[in-house]
Structure formats: structure tokens, C-alpha cells
Amino acid sequence: MMRQVLILMAALALPMSAEDSGCPTDAFMDVTRTAGAGEGYPRPRLEVQCEGGSLVVFSNAIPHYRFVQITPNPLLELNRNYRMPLDPRLAEEPSPLPLFGPSGVAINGIPIFGPNEGPVPPPGFGDPVYNSIMDACMGHTAREYHYHALVQSCFGTDSEPDEPSPILAFASDGFPVYGPFGCVDSECSKVIEFKSSWEQLRSPEIDAWDAYRFTPREGSEYLDRCNGHSGEDHGGAYHYHATATWPYVLGCFAGTPSFGSEQENRQMSGTPRRGRGPQADPRPSAEQIAKAAGALGIDQTSLAEALGVSGDRIIPVSYASAARALNIDYQALSRALGVEPQFNPRRRGAGRRRGEPGRGQGPRFRRPEPRP
């Protein structure tokens, strides 16, 4: 009896874990125990705390593993902070990701970008995984080192056979992003690999958001347009999964992202003030689209479809991609919509035709072999 009392007293004396307190600091890595980016680079730094209803992540944007340069951009140490709702809620309607910049942060402090590249080299806006411009962990440098997809093994969090994947990141709306494997029911009677419901229509070498369409699919393994679900693998609470195919991490925000404006987004994500780089194009109103279609002599419905603002499409807006789809001048389209053009893209063909195989490969997710 005395032994049982002592055990109970010891348990009560233990500090409350981050998970029990509602602050998920335990989900993040201890980067001080990792190899770092290599000789000549600063050590990675990562601090996580919860304050004022927000999960706050501080990072110096240095990966915890050896850096392999894929793009011409150098690896820079930068002071970054990310704020996400600690108690995320589903929004009435999903919202599009930023065309550029962070849409979340991984458990090592590295930001996650959407599944499209930028306009450089032109004409750009393609699928960077398909275009094979990512390192083995699906990261590369632009203004900062970032991910376009997630590979579970790169975080040292490989699960055992028939075990669900752990958290790999948090989206800007606060919902967690798990690896690809999860339970099919609350009893975890079976572990399955979750899959994207987006379909490739043509080569995503350029204009990736126009090369894929969300197509709802039957089956517990298929995710919604944002690449998440309220599955029984986590008690019915909404969450995202990393997948082997587009959009790899997020297809949209199911909740409300922590940034309410472009300026606030840049402040929270720490985007450099000097040399900003291109920003997402503003979402045009129905009146702007009607006026622009009349000025350009094109069909209003076709323009809305090309801009990705028709029907149930929830995608970031790119005037350059829309201009290419309609075979019209990008600068003329921008001005017709009442926006000053951001750059002058060079034209290029649209790549392979629909149905032809892609050259790039998405992240490979393999179950670990059973231990002897």
C-alpha cells in the first residue's frame, strides 16, 4: 500500500507535459543535438513557446542536417518567428494558400511553402517537386531555406511498422500536419497511408495550380482539398497529412491562418524587408473581372476560370499563369484588372501534353522494416 502511495505522489510531483498543458512544444525537435548544416554554417536554433493563445516558433532558418545547395541562392541565417492559433477552428470556407511565402512551419523550425515555385526562372510557377529542384528532404533555398513537401525520415521520426506517423509541422491556421500514415479508426485496427485527392491533368512544369484539379474520392484513405480530414485517427479532430503526391503538404487552409494581411504575414514570417521578391496577386472581384474581360475582348467566364476564382476552386491567384492560359499579354491583363504588373515574364511552351509522364518524383514514404 505504501509503495502505491509513493508512486502516486511521485506522479503528482512530475511537471505537466507540454501536451497535457495544451502547448505542443514536445512535438518539436531538439536541434541542439543534431549535426547541423555543415562546416561554415551557423548552428540551427529553435525555440517554441505558447503565449496569448498562440503557438510561437522562433528559428534561424538553418536546417538540422547537412545542407546541399540545389538553387543558386545561398543558405542564410535569418531571424524568423511564426505565430499560429493554439486552439485552431475550422473556418466557414477554406481559403487559398499564399502564392509565395510560408504556409506553416516544420518541427525543426524550417518554413513550409505551397506546392508551386516562383516566377524565376521564368515563366515559372511550376511544381518544384516535379521539376526536380528539391534536395532529398524536399527543401531548397530562395529568400530562405524552405520545404515544398515533407519527408518523415528527415526529421528522425520514423515510426515502427503499423504505427501512425507523428506530427511533422503546423500549418499557419494552427492545425497539425502529420506524416502520411495513420489509423483507419479510433481503435487503430489498421494503419493506412493517406492519399491526396488532387488529380494531375497535364505537365505541371509551369502553372502548377492549373495543372491539377481537386477530385473528391471515395475511401477513408483520401483527403479533402486542403489535404486534411477530421478522421478517426485523431479522435475526429481536424488535421492535415503529408502525402506523396500534389499538393504534398497543404492544398488550402481549412482554418483561419494567423496572418490577416500581407503586411502582417511578412512581419510574422520574417520575410526580409530588402529585396522582397514577388508577392501573390490580389484576388479580383467580380466587377474587376467583368471590366477586364470587356477591355480585353475575352469571355468573362474564361477569365474567371483562368484566374482560379470560379466555381469551387480555392487556389492562389497568379495573373501571369492566367495570361498564359488565355494566350494574352500579362501586363495588359494586370492593368485591365487595375494592378501594376510585378515582372515581365518571358514566354515558353506549356511543356508535355496531358497524360504524359512527369520527370520528377514526389517524396517517397516507405514503412520501416520490422526490427529483428
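Predicted model: local features only at pLDDT ≥ 70, side-chain atom pairs only at ≥ 80, totals over all residues.
The partner of Cys188 is Cys183, with the two sulfurs 2.0 Å apart. Cys183 is buried, at a relative accessible area of 8%. The S-S torsion of this pair is about -70 degrees, so the disulfide is left-handed.

How many disulfides are there by the sulfur distance rule? The count is 4. With the bonded cysteines numbered in sequence order, the pairing reads 1-2, 3-4, 5-6, 7-8.

Next, Cys137 and Cys154, whose sulfur atoms are 2.1 Å apart. Cys137 sits in the loop between strands E6 and E7, and Cys154 in the loop between E8 and E9, so the bond ties together parts 17 residues apart in sequence. The torsion here is about -95 degrees, so this disulfide is left-handed. Cys137 has 11% relative accessibility and counts as buried; Cys154, at 14%, counts as buried too.

Then Cys226 and Cys252, S to S 1.9 Å. Cys226 lies in the loop between E14 and E15, Cys252 in the loop between E16 and E17, so parts 26 residues apart in sequence are tied together. Both Cys226 and Cys252 are buried. Their S-S torsion is about -95 degrees, so the bond is left-handed.

Last, the helices. H5, residues 286-296, packs on H6, residues 300-307, at about 120 degrees, with the axes 9 Å apart. That angle makes H5 oblique to H6. The crossing is right-handed. H5 contributes Ala286, Ile289, Ala290, Ala292 and Ala293 to the contact, and H6 contributes Gln300, Leu303, Ala304 and Leu307. By type, that is 8 nonpolar, 1 polar and no charged residues.

Notes
Residues numbered from 1 in each chain as written. Heavy atoms only, no water. Axes fitted to C-alpha atoms, helices over the stretch in contact; angles between N-to-C directions. Helix = DSSP H or I, 4+ residues; strand = E, 2+ residues; numbered from the N terminus. Parallel < 35°, antiparallel > 145°, perpendicular 65-115°, else oblique. Left-handed = near helix turned anticlockwise from the far one by under 90°. Contact = heavy atoms within 4.5 Å. Nonpolar A, V, L, I, M, F, W, Y, C, P; charged D, E, K, R; others polar. Disulfide = S-S within 2.5 Å. Buried < 20%, exposed > 50% of the residue type's maximum accessible area, 1.4 Å probe, protein only.
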